[in-house]
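Below are my notes on this model, as numbered points.

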Amino acid sequence: MADEVTRATGGSEEGGRPLRLAVIGAGMAGILSGIKLTEAGLDDFTIYEKADRLGGTWRENTYPGLACDVPSQLYCYSFAPNPDWSHLFSPGPEIQSYLDRVAREYGIDRRIRFGDEVTCCAFADGRWQLETAKGHHDEVDVVIAATGVLHHPKLPEIRGLDSFEGAMFHSARWDHAVPLDGVRIGVIGTGSTAVQITSALVERASHFSLFQRTAQWIMPQQNPAYTEEQKAEFRAHPEQLIDIHEKLSVLFAGFANAVVDADSAEMQDIEDACRVNLEQNVHDPELREQLRPDYRAACKRLIISPDFYEAIQQPNAELVTSGIERIEPAGVRTRDGVLHELDVLVLATGFRADAFMRPMRLLGRNGLTLDEAWAERPNAYLSISMPEFPNFFMLNGPNGPVGNFSLIDVAELQFGYVMQLVDRLWSGECREICATREAMDSFEAARTEAAKRTIWTTGCRSWYLDDRGIPATWPWPFTRFREEMQAPDPAAYDCR
Ligand code: N01
């Protein structure tokens, strides 16, 4: 994949008119952008980061048990393999350290303006005018929005939420000052986050209550540690890591292909594995039925865990399924009248997935606002470009592949594509470039139609689904995404 990016930027070396760029966000995709822009010779850029540290989701999420459910050898830049991952699926802090290290090694940390949020981007006279929260102004030719997918915590609408007298926080706002050992902990939610927290905290809590609104299928997956010998071997032969990355990429593409075809044999295999996991590893028949979802596996984002069932069966753990009536000062009152007394209440209730790029104000040609452009819902041609927002490109934007893929793979492919658009600006071929309305509309129509065949529409509630019940994700095989990202279709772009 590194080659693809290099190829995509090939030809940029000669350059043309000088371009100044802004990258918004110093998470995984923003760091990638900085590295690749520098390599391409486009050195006049600033990365804007609202926080005082880089890392995006890996900075924001620090909950106990945090790990990525994409294998670490895949969840890293293709050009910066890491021989030192501790596990097949390494913990969150290791991923944060990896991003810190890569940014430092490539000199990208010095290019980040920390603690200054971009509040407004307005297109005027062929350039983007940026304003930041600290009153800084910048004028650039190109904006790359690497603002992330899931970072606006969604708090549950439950009566009495603020009346709780113990410690309460969202999973992405973990309060590390709160003691967890030997106390009564409650977690609301059963998504990927809650499952990881459960596995990590049951053994520390005196009593652990998991408030489940909807049961989840769990894909069993062991998480072995890499031995010191293996790491030494990787260090001595880094080419092995490239090979592993490629093989994992193919494996995950296979998974991705399965979920976009609800009737595929591969999808059936995934469902079978989840069902066997439940049947074999949950021993109490009543608990097993409480944990059995009434929808198909992978309809919601599939959860991967080696030990969730083991944790929830511990004597001090309780799965609460009676539904939450309200929160009271002492704990959670369920609809059966029981008060579950707690010291700590964690809201693992997910994120506002439709809040792309907000609350930044974005104004395209003729003052068109993002809110107007996205009045119905967020969308973008191939998840990258929007009509009337020239020279503005998104990484991991709306409708891109998000389901159990490596978002690093996705961002690398997208960046290679974006660089080809930037090349056309750099060479002077055009001064403004963005997707045409026709390209956007026909992409949207095809995407909506294809979405109907995916596993995500087979009858469940999930953050993938938009207000129409259409999954806001890439509905085709990953191979198609790869192909689309090889080169922009010139007919799809308004280049002037
Ligand atoms: O959030 P979610 P998440 N009362 O939206 C429940 C990525 N991620 O933070 O299913 C009661 O999946 C809600 O219930 P229901 C990954 O992409 C990755 O866990 O809607 N319950 C659900 O159980 C993931 O998909 C990793 O009925 C309420 C839960 O809260 C995404 O982030 C790790 C409620 C929300 O689940 C989001 O995961 C963590 C209410 N009022 C996250 N409101 C890995 O890489 C909501 N819920 C491993």
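1. Cys-430 is buried, at a relative accessible area of 1%, whereas Cys-495 is partly exposed, at 27%. Here buried means under 20% relative accessible area, exposed over 50%, and partly exposed in between, using a 1.4 Å probe and protein chains only. The two residues are joined by a disulfide with an S to S distance of 2.4 Å; the criterion for a disulfide is a pair of cysteine sulfur atoms within 2.5 Å. The torsion about their S-S bond is about -110°, so this disulfide is left-handed. Cys-430 sits in the loop between α12 (407–426) and β20 (433–435), and Cys-495 in strand β21 (residues 493–495), so that distant parts of the chain, 65 residues apart, are linked.

2. On provenance: the model is predicted, local features need pLDDT of at least 70, side-chain atom pairs count only at pLDDT 80 or more, and totals for chains, interfaces and linings use all residues. Residues are numbered from 1 along each chain as its sequence is written, and side-chain values use heavy atoms, with hydrogens and water left out.

3. How many disulfides does a search of the whole structure find? The search finds two. Besides the pair in point 1, Cys-299 and Cys-460 form a disulfide, with sulfur atoms 2.2 Å apart. This link is left-handed as well, with -95° about the S-S bond. Cys-299 lies in the loop between α9 (285–290) and β12 (303–305), and Cys-460 in the loop between α13 (437–451) and α14 (478–484), so the pair ties together parts 161 residues apart in sequence. Both Cys-299 and Cys-460 are buried.

4. With the bonded cysteines of the chain numbered in sequence order, the pairing reads 1-3, 2-4. Cys-76 is in no disulfide, the nearest cysteine sulfur being that of Cys-68, 10 Å away. Cys-76 is buried, with a relative accessible area of 1%. For Cys-121, the closest cysteine sulfur is in Cys-120, at 6.8 Å, which is too far for a bond. Cys-121 is buried too, with a relative accessible area of 0%.

5. At what angle do helices α7 (residues 239–259) and α8 (residues 265–281) pack? The angle is about 100°, and the axes are 7 Å apart. Axes are lines fitted to C-alpha atoms, for helices over the stretch in contact, and angles run from 0 to 180 degrees between N-to-C directions. Helices (H or I, at least four residues) and strands (E, at least two) are DSSP runs, numbered from the N terminus. The two helices α7 and α8 are therefore roughly perpendicular to each other, a class covering 65 to 115 degrees.

6. In that packing, Phe-255, Ala-258 and Val-259 of α7 meet Glu-266, Met-267 and Ile-270 of α8, where contact means heavy atoms within 4.5 Å.

7. An open sheet of four strands has the order β6-β5-β4-β18 and mixed pairing; two strands pair if DSSP finds at least two bridges between them. β6 (137–140) and β18 (361–363) stand at the edges with a single partner strand each, so one side of each has no neighbour in the sheet. Neighbouring strands are turned by 15° against each other on average, direction ignored. Strand β4 (residues 118–124) runs parallel to β18 and is joined to it by three bridges. Ala-122 stands opposite Leu-363 in β18.

Note on methods: Angles under 35 degrees count as roughly parallel, over 145 as roughly antiparallel, 65 to 115 as roughly perpendicular and the rest as oblique.
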